[in-house]
Amino acid sequence: MFTAGAFAWDTYQYRQVCRTFQDVRFSPEEKEAVAKGYSNTKNPFADWLGRRQDIHHQLDKARKKWHDEDYGELCRYYLVAKDSDDKQQELKKRLAEFLRRWPDSEHRPEVEAWLKNAEARIHEFQELRAYEALLQFVTQYPKDSEAEQRIQAAVKFLTDYPQSKFKSEVEFILSLIHI
């Protein structure tokens with residue numbers, strides 16, 4: 001009696017996992033959780049009938065499919081966003097999410113390089129905006145008006161961007177303010 005009940009329960013759980021894999025309403029994370037829940041049972045029928053191995057095989061196939069789909073989507077977005085300054089933040093977020101989700105991806109070196117480039121572009125964009133804001137602030141007031149605030153703004157820019165390509169221009173602005 002107990003054996004028949006355990007067999008029936010295992011059959012029910014196995015079918016639930018198989019249905020979950022086929023159901024598009026479930027996210028990959030939910031499908032993986034259901035599969036792991038079945039795989040971690042102590043019921044011997046899962047092994048005797050080869051169902052546990054089947055679920056592992058289905059899960060491995062599904063992970064490969066999810067990875068390839070995520071990478072394909074990432075590549076499509078990268079092609080659209082790589083040359084757009086205003087899309088770099090979103091690109092950085094998507095690249096980091098891919099690396100978090102797929103730490104063992106064979107595409108990791110490529111995606112890390114893309115992430116590094118996106119971060120560099122974001123930094124350059126922020127640096128340019130900061131430089132433009134500094135120029136506007138410095139030129140907005142007469143020479144003697146608010147000199148201390150202009151000096152502080154220039155020094156803050158140099159502190160925030162010590163390797164800036166605008167460093168010599170900002171140093172020149174500082175020298176003009178001190179005159």
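Is F7 buried, partly exposed or exposed? The relative accessible area of F7 is 35%, so this residue is partly exposed; buried stands for under 20%, exposed for over 50%, and partly exposed for what lies in between, with a 1.4 Å probe and protein chains only. The structure is a predicted model, in which local features need pLDDT of at least 70 and side-chain atom pairs count only at pLDDT 80 or more, while totals for chains, interfaces and linings use all residues. Residues are numbered from 1 along each chain as its sequence is written, and side-chain values use heavy atoms, leaving out hydrogens and water.

The secondary structure consists of 8 helices and 0 strands, where helices (H or I, at least four residues) and strands (E, at least two) are DSSP runs numbered from the N terminus. The chain has a radius of gyration of 29 Å, well over the 16 Å that the globule rule gives for 179 residues, so it is more spread out than a compact globule. That radius is taken over C-alpha atoms, and the rule is 2.2 Å times the number of residues to the power 0.38. The C-alpha trace spans about 95 × 30 × 25 Å along its principal axes. Of the 179 residues, 36% count as buried.

W114 is in contact (heavy atoms within 4.5 Å) with Y71, L74, C75, Y78 and L95, leaving aside neighbours within four places in sequence. L95 also has a C-alpha atom 7.7 Å from that of E112, 17 residues away along the chain. E112 is found in helix α6 and, with a relative accessible area of 37%, is partly exposed.

Accessible areas come from the Shrake-Rupley method with a 1.4 Å probe, and for residues only the protein chains shown count as cover. The chain exposes about 11800 Å², of which carbon and sulfur atoms supply 56%.
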